[in-house]
Every structure is written in structure tokens, then in C-alpha cells.
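Biologist: I am new to this model. Please walk me through it, chain by chain.

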Amino acid sequence: MAKSTPPLERMLERGYSQGFVTDVDSDSLPPGLNESVIRQIVAKKNEPEFMLQWRLRAYRHWLTMPVPTWSRVHYAPIDFNAISYYSAPRSRADGPQSLDEVDPEILRTYERLGVPLHERAQLAGVAVDAVFDSVSVATTFQKELAAKGIIFCSFSEAIQKHPALVQRYLGSVVPYTDNFYAALNAAVFSDGSFCYIPNGVRCPMELSTYFRINAANTGQFERTLIIAEDDSFVSYLEGCTAPMRDDNQLHAAVVELVALENAEIKYATVQNWYPGDQDGNGGIFNFVTKRGLCAGAHSKISWTQVETGSAITWKYPSVILKGDYSVGEFYSVALTNNYQQADTGTKMTHLGQHTRSTIISKGISAGHGQNCYRGLVKVGARALDSRNHSQCDSLLIGDTCGAHTLPYIEVRHPQAQVEHEATTTKISDTQLYYCQQRGIDTETAVAMLVSGFCKEVFHKLPMEFAVEAQALMEISLEGTIG
Amino acid sequence: MTMAKRFCELQAHAPPYSSGWPWLNAFRQQAQQAFAALELPTQQQETWKYTDIRTLSETAFSDAPPPGATELAQASSAQQTQALNLPHHRLTFIDGHFQPHLSQLGALSNGIKLMPLRQALEQEQVLIENHLGSAVEYPGQPFAALNSARLTDGVLLYLPTDCQLSQPIHCLFYTPSGRHSHISYPRLLIVLGPGARAQLVEEYLGSSAPPANAAAQCTCPLSEIILAPDARLLHCKVLRESPQGHHIAGIHVTQAAQSQFHSINVTLGGGICRNDLQVSLCANGAQSRLDGLYMLAGRQHLDNHLRIDHLQPGCRSEVLYKGIIDDRARGVFNGMAIVHPGAQQSDARQINKNLLLSESAEIDTKPELQIDADDVKCSHGATVGQLDNDALFYLGSRGMDQQTARALLTTAFAHETLTHLPQGPLREQLTALTGATLTRQAGGEPPDALPHG
Amino acid sequence: MLSIRNLGVRIDGKPILQGINLEVAAGEVHAIMGPNGSGKSTLAQTLAGHPDYLVSQGQVLYQGQDLLSLNVEQRAAAGIFLAFQYPVEIPGVSNIQFLKSALNCLRKQRGETELDALDFLADVKQKMRQMQMDETLLYRGTNEGFSGGEKKSNEILQLLVLQPQLAILDETDSGLDIDALKRVAAGVNAFRSPERALILVTHYQRLLQYLVPDRVHVLQDGRIIRSGGAELALELEQQGYAPDTPKDSEDAPNQAPEVSDDDG
């Protein structure tokens, strides 16, 4: 084996020699976006008429919208006509053929994160179609879920098998008019997850933990819809700590959650997409719209996120507290290193009476990273006795990074209580010295202090995720103190 | 007719005071060009998101003529019965016109210059050339440009090195009510030399009982404050316009090393009001304390916009703004602390607290931090809420009735913002004045029960 | 074990230590006494390697090695432990996590494997009982909200768990009531062995009743002006530090006189 040749070059050589290029092309649409492209997407996916009409309305609205410029992230304009909006599920034949061909740096990261061996190959995009243990595990759990009446499937499958549910809830929380990228997503979204928890059912497992491999290849315009009927409960995990192979630079996902009376949805995300290199070249643009609707009384939606990846993150998981006594929560850790930029936060819109929301945001900036918390707490004129508490802390490591805090608070009810607190400090020299005096090396000490800073948020993650998240922080912080 | 067009038309007229001084003409012309290049703010702009000034644009304001006998009588009576009583140094203006008969300047030690700006434009041209406009940048500040373009009169205060003024200077701007809509552009230039100390009060006063058909008025003042190393200024602004009195003001401060600026900004009345308070901490050790208190009622709209730039290491800023909002009034607070790259050891703190007293009142608050250095201590906090139920219960358990207990706690809430003022007549009068406003507000408040009583 | 030769230290350009000479052999206990501002804590922090303390002259040999060329974590790995006068609070990082990280880092440096989690926990709990510390302190943030006595006990707990060669106790007795003082002293006595050395930095003699030193040194104005046996501490307690110094001098460290070149 010619070990001296970099894997990428070998992949390219093989690609040409084996002539896969034409095969792939035949199943993809050429770059560019127009109504005909949308009709072709609908045709290829065999979607019903209501989907076509909805996508076309979204597309026409998108054309009227300017590209948003209000956030604190900076990037070269995106050419939306240079993107191909449909490609068939990717053949794995164009990936590396074995783990030996994968960048050793990535493999080391998997090892440190404790990713199980059988998952590493799939995460790295290795072209192995052999059946993994996890797949059969997945099948087993699918049966268990079906027995309880829980629907958990791909969005495409949901459109085919449960069109009434899709038609009723699609766009009900994030309408296509919401923002530029939500409109684009509505017009062209490829696939995603659909989840329906029936009345009174407590979902017996963390959804998607066992399916994360299957979810790893959902494409750049992902759409997720979760509906929790009265008195139901579901905990959903998105993403994974391991860096995934991905060729698409732009990601514009939409997630919609609907919690009916007395229902609870917990949604946790760990995002670790390629952040670009140390000089800020490359990396994923992650422009996401996530919103939950607490539609029923006593419903609860909780977002937890750990964001360490992507070159640019633009993301505000929000909750509309419509039902009386409903509860919204947002727990977030966002880390930017090198030249990463993150503009992230939440919106808590209190409409119903006696609603409660909590915001805990921890931002860490290192290197040339730019980290911005942007949040809105809105208390409407009907929202008697509503309460919010927000705590936004920023930690700075090094003098070339930036931390920005932009909370908006709008209150229109005299019986509301809103409290917002924010602090920005650098990592403490005194604490660092104390750790070092006890023999803890600088990198471990920094990672320990940072995870201490993030503790309140990590505590909200499911146990196994929390351990991974902590390891992930350690890796992401490497080299921040010289 | 759009406001922009109206103001452009205004620009076609010569300023009320024309000068043969080429420097001043160039200064005004440059400001006018800057103003013409700037859009008038709309709510699409982030810094004007919560403030709608279309009402102003629908009003045909004209430059205020010198006051007649009626206005003089109104002002004279207001000065005696309503205004703060700080008689040592007082400059009184009606609709922006200086009134020597209502003013008095106490004895000033050598080198101190305190005079109407119009007089300074003729007698102190070197001083004016060196300082006027030096603390203001027009981009993003159309009303600062407008004030400069229409510059006519106001106040000059200059203190040379190590000079100290023990008595506060009281600048009273009276807006008479009348049937015509007038606009005025007072300008204050305050320059403190190294080690100098002074106190200055800007009071904007409107008629306490305007007739029902009173027309809208507008005041558009701009204060420039330049503090040399180790200078200290206590700057107090009291806004008590009538409901027809709109007010769009700028206060721009530049601070040299070790200087201290203490601002107390009290708003008790007005129509649509906006304060842009901008402080640049330009050298090591500069300190700013910005305190504010607003008690809004009726349909008043107040937008306090603060921006503090930490440009150099070792500076400190502290903000405490508190508001009590009743009826259909709306308060807006935006406090932005910016720590620029390299401004290490910056200490920036900000607190905004609000009480809403009515179902139709609204508060929009946005404390902001933009930090581009790492060795900093920055924090902000904002709250909206009610009086502490535990405290109310405690007072009740000691035999105090609800209304008294509420009044006591509300007063304590408000007066925290005055605690940093030195003891003296200014503090006493502000305490009395805000206390009286609270009593009026409390009188109209429904005796609602405790939510969890 | 430790050999300090003509050590001079400056903080922010101001001379604090001006030619310290001190020899500490394995198994010995040395007490450094002196009025406030004499430079005692500066000596402790300098030996630990605090980056703010700039060595202007002299050298320090530790187990034959040039100590001053090592950074703080390397010195810790080499077996130097400083019990802080003001132990640092680290919210969010639990006491147990802190101890475990420190011990594992040290073991790694010494080429030892990581300790089994259960063995570690059993060891720590046993030592906590010895120190009469409440076990719940293990799961709170390191020193976060601890009382003064709890903080000092926690320092000694770390000493017992990390097992260094040379321990420097900086005013560990200050702010302790008599029972806490006895507990701390018992903990430190448990640490003593013929292979280990101790430097006690203290203002008062009372700790020395429970921890009897081999040698006592009096530090004043950045110099050791007297040395003697354990009896010297008692004499100081009765007579004060120096004939021309008031007993409770509150001199700040930066008021030390300028150093002259022919010093030492």
C-alpha cells in the first residue's frame, strides 16, 4: 500500500479511473434553482400535490426576500445557483474504501471521543455496505416504537405514509415566510426526520441515539418535525460529537416541534461539523431555524445544544409559549476557536398566562473566534404572571477573540417578571495557577475550567452525551493556550 | 410631506443667527451636508427599532421666534415655581433664545468662561474652533448633524487647569406651550481643563398645565463634553417637558486619562423623547458613572440610548438606569458597552431595572456587550418586574397599609439612582421632585391585590 | 533537598526578597516567621513558581535540579506542593474531579498508571475522615463557598492525597479556631516522613506548638535576620520580631526599602 500518497488524492484518482462520475451525475439535478427544479424534486420524491404547491409558494416568497445581514457573522455571498438541489442518496462507493484511507487526525478524534469501532467507519464515510450491529439494533427498536404507536421515520416516508399529519403540521411553527433560509429550506428540503408521539405515550428511549448513523447522511436542507400529542413525552437527540464527512458547505435546516396539552419534548443537539482549518479556510455554514410551539396548557419544550463545529453558526432555537402554564427552556454551550463565528441564542415568546422560561447560555471564544449571544424575551399583553430568567456568560481565552451579548427584552404585562444577567470574563489566571500548582497540565486545566464553566448546561444533556460533550470540548480547545 | 423633506426645506432658510465668521459657516455647511446624506431614522434601523418618530414628521415645525410677552411671563413664572432652585449660576432660554433678564451669573474665578454660546461665537473663536464638534461624529447621528447645521445659541462652559466651581451651573430651557409648533436646537459645549471640577444641570421644562389645543413642540439639543486628564464633571439632565413637548437629544462625551464623568439623567415628563448618551473613554484610568431614572405616565415615550466605548486599557464604566412606567407609556433602554481590541483591564457594568404599573405600559430593554479584548470584567443585568412581595408582606406585618408600603418600596427603588450624587441642594431637590412625581403616580394606581397573597 | 542561595525577588519592579539563603534537608521541618510584609508569602509563591514573581538574583536547587528553570506544573510534578494562604475557588469543577485530575496528571508524569476510580475514592474518603471533613465537600465546586476552616482543611487533604516531597504551608494556621488548627496540624504530622520536607510560613507561633520545627528563621525586610531552633519561635512570641519593629507591624510588602547592589 502506498502510504505516502494522501488519501484524498488517491480517492480522486480512483474516482476518475473507475468512472463513477457519470453514474452519480445521472441521479442529480444540475446546479441552479427555479420552479422546474422544484417540480423535478417533487416528481423524483413522488410527493403529493399539496407538497408541490407549498414548495412553490415558499420558493416564490423566497425570491422576494433579501439575504439577511443583521447577524454578526461575515462571509462571502453565497451563489444559490451554484448549488445542486437534488442528488439521490449518496452512493458510498466514492468514499474511502477502508479506515486505513481516512485522515489519521479524524481517527484519533474518534478514539478520544470513545466512538465505538463499528461506527467510526460509517462516520468517516467509508464505503462499507456490510450490515452493522447497529442496524439490526435499530430494527429492533423500530418494532418496539411501532407497538406503542410512535411514528419515527424519514420525512420522505412520512409524506408517503402519513400525508395528513404532515399537511396539518408542516410549516405550522416555522412558516416559509419566517426567514430567508427557512423559505429556501421549505422550497427544496431533501429529507429529515419525522416523529409523532400519540396521546398519553411516553417514548421509552432517547430517539435517534441508536439511529445516529442512519441520520448522518441527510443532506444540506434537512427538515425535522416532531409532534407530541396530549400527555406524551419524547427526548430527541440530534447530531453527534464525532466530526462527519460532508461535502456541502451550506446547511440550512428547519426543525419544528409541537407540544400539545401536558406534553413534553426534550431536544438535544451536539453539533461538530467541520469548522475550517486554523487559518479560517473552508468549513460548514450552518444556518438553522429551530422553533417549538407549546400549543397546549402545561406543555414543555426544552432545547439543549452544544455547538463546537461549523465555520459559521446562525441558530436560535426558540419556544412560543402559547398554552397557559407552558414552560420553555434553552441551555446552550457554544465554542468558537480559530476563525469560527457563532451568532446564536434563543427567542422565548410568552403569550399564555403563567408561562415560564429559562435561558442559560455559555459562550467560549478562543483564537480568533467570534461568539455572539442574541436573544429575545417577549412577554405579550395577555401573559399574566409570566416569568423568565436568563443567564448569559462568556469566557474569553486569548486577546484576539470576541464575545458579544445582545439580549432583547420586550415586556407588555405588569405582572411579568423578567431577569437577565450576563457576564464576560477571561479565563482566570488565579484558577489556572492553582490547578497547575497541583500538577495539572495547562491544557487539562483549561479544559477542566471550561467544562466547569459549562456545567449547568452539560447537566441537562443525557448522561452518555454529556461525557462525549466534555471530551469534545477538550479536543476543540486544543492549542488555545500556547 | 416627509420629515426629511421638511428638514431639507428648513435648511433652505438661513439659520436664525447668521455669522460673518467663515469657520462657523463652513462648520454648519459640513454638518448640513452630513445631515442631507443621512436618512432620517426609521424603525427598520436597529438603533431606532422601538421608537417611531413619524408623529414628528407629520408636524410642521418652524424655527422658534424670539419669545413675546406671554411666553416671557410663562417662563418667568415657571422658573420661580417649577424649576430647580439652583440660583448661583443660571442661564435661562426660551425656545432656545437666551434670556439675560431671567439669567444670572455668579462671580467666577479667573479664566473660567461661562456664557451664552452666541456670545462665545464672537468672543471665544479660538476655543470654539478647537473644541466645537470634536466630541461628535455624524454618521448614525442625524440629529447631531441637524443641531450643528442649525447651531444658533446655547451655553459655553470652559474651565482652565485645576479650576474648580463649587456651585452647580443651572441651564434652564423652557418650552412655552402655544398654538404653533416650534423647534429649537440648543447647543452646549463643556470643556474642562486638566484637574478642573464642575457641576452642570440641564433642565428642560415645559408648561405644567398646557391648554387642550396646545401644539406639538420639539427641542433638539446637543451637549458636547470634553474632559481633560483628571477633570471631573457631574452632569445632570432633568427632562420635564409637557406631553406635547418632544425631545431628541444627544450628549457626547470624550474623556482623557483619569477623568471622571458622572451623569444623572432624570426624565419625568415629555412626549416622544430620545436621549443618545455616548461616552468615549479615550485614555487609561478614565471613569464614567451613568445613572438614570425615568418615571413615565400618560402616553409618554422615552428611549434612552447609551453607548460606552472603552478605547484604551484600564477604564471603568458603570451604568444604573431605573424606570417606573405607568398608563400607556413606553420605555426603551439600550445600553451598549464596547470594549475595543487592546482595551485590557476594562471594567464595564450595566444594570437596568423596570417596574411596570399598568396593563398598557411597555418596556423594551436591550443591554449589550461587545467585547474584543480578553482581560475584562464586564456584566450587565436587566429586570422587569414588580415590587418584592416578601418585602411588601414584611412591611404589612409591621402594620403598614398596602398603599404606604408600596409607596415606600417604589420610592426606595427609584432613589437608588440618586445615591451616588453628593449631598447638597441638587440631590435634595431631585429627591423631592421625583418623590412628588411618585406620589402623583401612586394616587392613580389601582389597589390591586398581591398575586399570591 | 532544597538549597536557596542569595535569592532576590521583585514584584512590579519593587524588590521584596533581597538575598535569601536557606538549606532544607529531607525529613526536616523549617518555620519561616516574620511580620506582615516581610516577604514570607513571596518566598512561598516564588518557590511554587508564580509567574508574577520575578527572580532578580540567586539560585534555587531542588533535589540537585535548577528549580527556577521549571514552570509551575513542572515543579508540582517534581514534588513541590504549596498550601495556599487563600485557596482558590473553582465553581463548576467538583472537588473530587479536581483531586482526581491532579493526581492522574502527577502519576502520568511519574510514569505511573491512572488510579482505579474506586480505589481513589476509598483513599480520598479515608483521608477525609482523618481530617474530619464532611464528605459532601467532595461533590461541591472546589473550595466554592467553603468556610475558612474547610478551605484550609481541603488544602491539607490535597497534600495527603497528592503526596509531594516538599510541602510549603503558607499561613495555613491563619483564621483557624483551635480545634481546626489541631486537625490541620494532625494532618500535616501524618504527612511527615524522613523522605519529605516541610516549610511552614507563619506569623504566629501557635501552629508550632503542634508542629514542632527543626529550624526557625526570622524574615524581615526581605532578608533572614535570625535563625535558631524551635525555642526561637517562643522567644519571638514573647518579645516581638525585632527591637525596632512594633509587634503588629502592618507594613505592606511594597514598602520594603530599595535594594542596594552590594547587598548579600
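Predicted model: local features only at pLDDT ≥ 70, side-chain atom pairs only at ≥ 80, totals over all residues.

Biologist: How many helices and strands does chain B have?

Modeller: Helices (H or I, at least four residues) and strands (E, at least two) are DSSP runs, numbered from the N terminus. On that basis, chain B has ten helices and 23 strands.

Biologist: What is the radius of gyration of chain B?

Modeller: The radius is taken over C-alpha atoms, and the globule rule is 2.2 Å times the number of residues to the power 0.38. The C-alpha trace of chain B spans about 70 × 55 × 50 Å along its principal axes. For 453 residues, a compact globule would have a radius near 22 Å, and chain B agrees, at 22 Å.

Biologist: In chain C, what share of the residues count as buried?

Modeller: A residue is buried if 20 or more other C-beta atoms lie within 10 Å of its own, exposed if 12 or fewer, and partly exposed in between; C-beta atoms are placed from the backbone. Chain C has 264 residues, and the buried share is 43%.

Biologist: In which order do the four strands of the open sheet in chain C lie?

Modeller: Two strands pair if DSSP finds at least two bridges between them. The edge strands, each pairing on one side only, are β2 (14–24) and β5 (65–66) of chain C. The pairing is antiparallel, and the order in chain C is β2-β1-β4-β5.

Biologist: Which residue is the bridge partner of C:Leu7 in β2(C)?

Modeller: Strand β1 of chain C covers residues 2–11 and pairs with β2(C) in the antiparallel sense, over eight bridges. In β2(C), the partner of C:Leu7 is C:Ile20.

Biologist: At what angle does helix α1 of chain C run to β2(C)?

Modeller: Axes are lines fitted to C-alpha atoms, for helices over the stretch in contact, and angles run from 0 to 180 degrees between N-to-C directions. Helix α1 (residues 40–48) lies across β1, β2 and β4 (54–62) of chain C, and its angle to β2(C) is about 70°.

Biologist: Which elements give two or more residues to the side of chain A that touches chain C?

Modeller: Two residues are in contact if their C-beta atoms, placed from the backbone, lie within 7 Å. The contact takes 20 residues from chain C and 17 residues from chain A. The elements asked for in chain A are α11 (429–437) and α12 (442–453).

Biologist: How far apart are the axes of α4 and α10 of chain A?

Modeller: Residues of α4(A), including A:Trp54 and A:Trp62, meet residues of α10(A), among them A:Phe180 and A:Leu184. Helix α4 (residues 49–63) packs against helix α10 (residues 180–188) at an angle of about 145°, and their axes are apart by 7 Å.

Biologist: Is A:Leu33 buried or exposed?

Modeller: A:Leu33 sits in the loop between α2 (20–26) and α3 (35–44) of chain A. Leaving aside neighbours within four places in sequence, A:Leu33 is in contact with A:Phe80, A:Asn81, A:Tyr85 and A:Val188. A:Leu33 has 20 C-beta neighbours inside 10 Å, so A:Leu33 counts as buried.

Notes. Residues numbered from 1 in each chain as written. Chains lettered and ligands numbered in written order.
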